[in-house]
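Open the model in your viewer and keep the selection tool at hand. The stops below go from one site to the next.

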Amino acid sequence: MKFATKAIHAGQEPDPTTGAVMTPIYQTSTYWQKSPGEHKGYEYSRGTNPTRKALEDCLAALENCKFGLAFSSGMGATDCVLRLLKPGDEVITGNDLYGGSYRIFTKVYQKYGIKFHFLDLSKPENIIPYLNENTKLVWIETPTNPTMRIIDIEGVAKITKENKILLAVDNTFASPYLQNPADLGADIVMHSVTKYIGGHSDVVMGALLVNDEQLYKDLFFIYNACGATPGPQDSFLVLRGIKTLHLRMKAHCENGEKVAHYLKTHPKIDKIYWPGFEDHPNHDIAKKQMRGFGGMVSITLKDADLQETFRIASRFKVFSLAESLGGVESLINHPTTMTHGSIPKEEREKVGVTDNLLRLSVGVEDIEDLLADLEQALS
């Protein structure tokens, strides 16, 4: 099946009891067993639930993977991957990273004896000097949050496979519509489903998608044992959201491109980060591994201090000043005090996450209204 067909049908058969086309919300915690251990594949909803299973199968199909696991948040999914590690293991990751990922790496897992290397991953070979027998995981996100750095997934995967190291890719910013890391060699694809996949700012959820059956079993054991699993109502809402993912992503990409080009020449803008520009670092890699450049755009304001940045961020009328991204509505975010506040100032500023940086999640409203809002806010 092609992408749009998978988004609408994958993992979702008509309900065998009633023929309902939409997957029912199985609002149950437990399941009848004919005799101990003899059941219909479901025992207790922490581990498995029919509504969630339909979603997991759909997500796996969208990422061209065999197995999927849905979590109660993106951080729950990240935590599950990290629980594969043991004290003494080492992780290589990027130095431009979502603040929540940085926080769980440094504030939670580092104290258990796991070592993290935060590197400039603009070139895959930058990984090589840090490889040793303790390296067990490479964790990347591309495009990165919030400066839209592009990492060559295939190039990194070649190194990790040669060294028998797991590669996990946070694919949240691209979504499965624009990029499929498993096709490029990733072992684990992670999503904050809250964002583009859910798409309507009404669900918090995460997901892991894999092809290796043993890896799936290892992750499922942690998933069931630790219990960061979502309920059936949220699973139903995401299944519904996925049915328009292809349509929404087209609109996000179209509006994102127009907003980026508008801002590139605006006199109030100093720097702009959007992978679609030919002068964006690793644009050629983005063009190769992505099917579009998405609706995320970051900017720095020219000669603006923190007070002036706050003033402009608070002037928007169509864009909402809020955490998160990827919903149908346009959002504006101030990373240094919001999504990336947990990263020390000196570390943020090394990669360009400065006090005058704003991150835009361009929604699917009429483009004329978005451009007018940018014009009045920046005036």
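The count of cavities of 30 Å³ or more comes to one; a cavity here is a set of points, on a 1 Å grid over the protein atoms alone, where a 1.4 Å probe fits but cannot get out. This is a predicted model, in which local features need pLDDT of at least 70 and side-chain atom pairs count only at pLDDT 80 or more, while totals for chains, interfaces and linings use all residues. Residues are numbered from 1 along each chain as its sequence is written, and side-chain values use heavy atoms, with hydrogens and water left out.

Select P143, M148, F173, A174, Y196, P275, M290, F293, G294, G295 and M296, which line the largest cavity; lining residues have an atom within 4 Å of a point. The volume there is about 50 Å³, taken as the space filled by probe spheres set on the points, which are joined across faces, edges and corners. Nine of the lining residues are nonpolar, two are polar and none is charged, with Gly counted as polar.

Next, colour domain 1 (3-240) and domain 2 (245-378) separately; the bounds come from an automatic or database domain assignment. The largest cavity lies between the two domains because both give residues to its lining.

Now show the interface. About 3500 Å² is buried between domain 1 and domain 2, 62% of it from carbon and sulfur atoms; buried area is the accessible area (1.4 Å probe) that two parts lose on being put together, summed over both. Select Y177, L178 and Y196: they supply 23% of the area that domain 1 buries against domain 2, more than any other three residues.

Last, select E154 and K288, whose side chains form a salt bridge (3.3 Å, N to O). The term means a side-chain nitrogen of Lys or Arg within 4 Å of a carboxyl oxygen of Asp or Glu.

Note on methods. On a 1 Å grid over the protein atoms alone, a cavity is a set of points where a 1.4 Å probe fits but cannot get out, and a pocket is an open set with protein on both sides within 12 Å along at least five of seven lines; lining residues have an atom within 4 Å of a point.
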